[in-house]
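Have the sequence and the 3D view open side by side. We will go from the whole chain down to single residues.

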Amino acid sequence: MNCMTEFMAKTFQGIVKQLPESHPKARCLVVTGHGNSFAAGADLAWLDERSRTDPEENVKIMREYYGFFTPLLEIPIPTIAAINGAAIGAGFCVSMFCDLRITADDAKLGANFVKVGISPGMGGTFTLPHKLNNQVLEESLSLASQIVTTTSPNATFETMKLLRAPYLDIMDSQLQLEAEAQARCFASDDFKIALASVKNKTLPVFD
């Protein structure tokens, strides 16, 4: 299901940050998932640890976790999320970091943070108002090919920097607010009840 473990997140960050050096001639980045899903959100065991962590420390942990994926907002080439399957929670929000999103017809999309007892994070409260395109992976690759073959690399790089500059300033403030809100949620009984219900596949009963 492509759960977003800490190892996966750090690996993702390293690949994206190194892209300008490892692939200096890259003109577009297509982000997709392995197998039949895009990304299933944060690992439940990792989320469970947050209920046993001090709220102030959780704010730092969440900001660091978001930071593993925000390099998508900073690379100076167009990015396309090819949503090939389930994109849930933080996985859905990561797709929103891309400039364009193209989805498979049977892809399941969901920002189900509240279902597990927490408020939205990963920039979702800022990015989710954007609309999603309902197209397939092949169209993502076709669009990437058009960008690569018909646009000036230098002009594209400079344009992407300009378009993202105001977005990045707002996003940083919103990520901090989200980290603080999620830290408060992690410390609540509601979070423990909701997470247990997800693990047990039962309906939650809140006090």
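How many positive and negative side chains does the chain have, and how far apart do the centres of the two sets lie? There are 18 positive and 23 negative side chains, and the two centres lie 2 Å apart. Lys and Arg count as positive, Asp and Glu as negative; His and the chain ends are not counted. Each charge is placed at NZ of Lys, CZ of Arg, CG of Asp or CD of Glu.

A word on the ground rules. This is a predicted model, in which local features need pLDDT of at least 70 and side-chain atom pairs count only at pLDDT 80 or more, while totals for chains, interfaces and linings use all residues. Residues are numbered from 1 along each chain as its sequence is written, and side-chain values use heavy atoms, with hydrogens and water left out.

Now the overall form. The C-alpha atoms fill a box of roughly 60 × 35 × 30 Å along the principal axes. Of the 207 residues, 44% are buried. Buried means under 20% relative accessible area, exposed over 50%, and partly exposed in between (1.4 Å probe, protein chains only).

Next, the elements. The chain has 8 helices and 6 strands. From the N terminus they run α-β-β-α-α-β-β-α-β-β-α-α-α-α. Helices (H or I, at least four residues) and strands (E, at least two) are DSSP runs, numbered from the N terminus.

Look at strand β3, residues 79–83. Of its 5 residues, 5 are buried. Thr 79, Ala 81 and Ile 83 point one way, while Ile 80 and Ala 82 point the other way. In a regular strand, side chains alternate between the two faces of the sheet.

Which strands pair with β3? Strand β1 (residues 29–32) runs parallel to β3 and is joined to it by 4 bridges. Here Val 31 stands opposite Ala 81. Strand β5 (residues 100–103) is also parallel to β3, again with 4 bridges. Ala 82 has Ile 102 of β5 as its bridge partner. Strands pair if DSSP finds at least two bridges between them.

Finally, find Glu 158 in helix α7, residues 153–186. Glu 158 is partly exposed, with a relative accessible area of 39%.
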